[in-house]
Amino acid sequence: MQHSRFPLTAVTQSRLGQVDFDNPGFGKIFGDHMFSMVYEDGAWSKAEIIPYQALAIEPGVAMLHYGQTVFDGYKAFRGEDGQARIFRPERNAARLHDSCQRLCIPIMPVDELTDIMIQATRELIELDHAWIPSQWGHSLYVRPLVIGTESTLEVRAANRYHFLIMTSPVGSYFTDLQNGVSLRVEDRFTRAASIGGLGAAKTAANYAASLLPGAQSKAQGFDQVLWLDSNEHRYVEEVGAMNIFFKIAGRVITPPLGGSILPGVVRDSALTLLRDWDIPVEERRLGIDEVIEAFASGELEEVFGAGTAAVICPVASIGYRDELYSIASAPPGELTLRLYNELTGIQYGKIEDRHHWNQCVTLPE
Ligand SMILES: Cc1ncc(COP(=O)(O)O)c(C=O)c1O
């Protein structure tokens, strides 16, 4: 084991036996250990690794009332070569930093946060290495979380916080590649404000806003919501847990990062791979009317989502108003499959990691 930086209190009894590795679901059970750090009296301290456990929180904690909570998510993959690969965690650290700033959480400088997050993840992975699934498509999801823990009902930033990193063995979030997902275009509710809102932060409020439209979509037989901009309900934004891409007449179009959508790590990775392959990409506003026109003219070739949980996920159909549009080449389209294979190949160590995305951890025998 590499030199560990954080004091460790180990579990006396592992819960590993409770994991159904054939069918782990998503975030149903958490690894034996978690990283914990506290902010109080104006400083972050008490970094340690402790057993995963319930938190003692007073009901008056402002976070429970006013939502001062941010999180992120990335994955570690078990390679056949005995290495675990953590995919681009520095990107998640930078995003967690930005989310904290937006939620007025006094986070440490980004370099320090990145260093702590990556080191803590490495130590958790070494310690709980048996929790990393070995089945293709399965992985260990890593969830950092920062919450305000001061008990006060005043509406202001808390002066006490808890920073936790937990892990969870997961399978595929949505579906297998052969089925693809169905999306319902939401033209009544909004996920996040187009200008000046919280959309780019990974914070509870955005997910809270998505629950009712999400449940309504499910009730109508759809898997997820496809969000439109909040001003006109015209321009495509993103999906519940993934960014969205449309291949229209040979060009791949995805909405730009304008502050209303999450700057996805897999979105960035997909764009990089597409550019590597000289496939024309456009980061631009795309009206749902343009998507429907492309469908009508036969130019809508593929639609796919990109996200840590969703990986690269083919979209089989889109419901808009009273029509259902079935995507011609789904599922999965040729490019969707190529991206899926390349990305997962890099993540599991089967394909050369040309962009140095993986952080490798040698697992104990
Ligand atoms: C709302 C939303 N959009 C996009 C994404 C994709 O982001 P990433 O690729 O960093 O996982 C996620 C998932 O984390 C998400 O929750």
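Reply: Helices (H or I, at least four residues) and strands (E, at least two) are DSSP runs, numbered from the N terminus. The model is a predicted one, in which local features need pLDDT of at least 70, side-chain atom pairs count only at pLDDT 80 or more, and totals for chains, interfaces and linings use all residues. Residues are numbered from 1 along each chain as its sequence is written.

Me: Where is D278 placed?
Reply: Phi of D278 is near 60°, a positive value in a residue other than glycine. The place of this residue is the loop between α5 (265-276) and β13 (281-283).

Me: Is D278 buried or exposed?
Reply: A residue is buried if 20 or more other C-beta atoms, placed from the backbone, lie within 10 Å of its own C-beta, exposed if 12 or fewer, and partly exposed in between. D278 has 7 other C-beta atoms within 10 Å, so D278 is exposed.

Me: How does K46 count by its C-beta neighbours, and why?
Reply: K46 lies in strand β2 (residues 43-51). Its phi is near 60°, a positive value in a residue other than glycine. Because K46 has 14 C-beta neighbours inside 10 Å, it counts as partly exposed.

Me: Which residues does I132 touch, leaving out those up to four places away in sequence?
Reply: I132 sits in the loop between α3 (110-127) and β6 (139-148). It has 21 C-beta neighbours inside 10 Å and therefore counts as buried. Contact requires C-beta atoms, placed from the backbone, within 7 Å. On that basis I132 touches A76, R78, A84, I125 and L140.

Me: How far apart in space are V315 and D223, C-alpha to C-alpha?
Reply: V315 is in strand β15 (residues 311-320). With 29 C-beta neighbours inside 10 Å, V315 counts as buried. V315 and D223 are 92 residues apart in sequence, and their C-alpha to C-alpha distance in space is 9.9 Å.

Me: What distance separates the centres of domain 1 and domain 2?
Reply: The domain assignment, with bounds from an automatic or database source, gives domain 1 (16-171) and domain 2 (181-347). Taken over C-alpha atoms, their centres are separated by 26 Å.

Me: Which element gives the largest share of the side of domain 1 that touches domain 2?
Reply: 20 residues of domain 1 are in contact with 11 residues of domain 2. β3 (69-71), β4 (74-78), β5 (83-87) and α2 (89-102) are the elements that give two or more residues to this side of domain 1. The largest share, 6 residues, comes from α2.

Technical notes: Contact = placed C-beta atoms within 7 Å.
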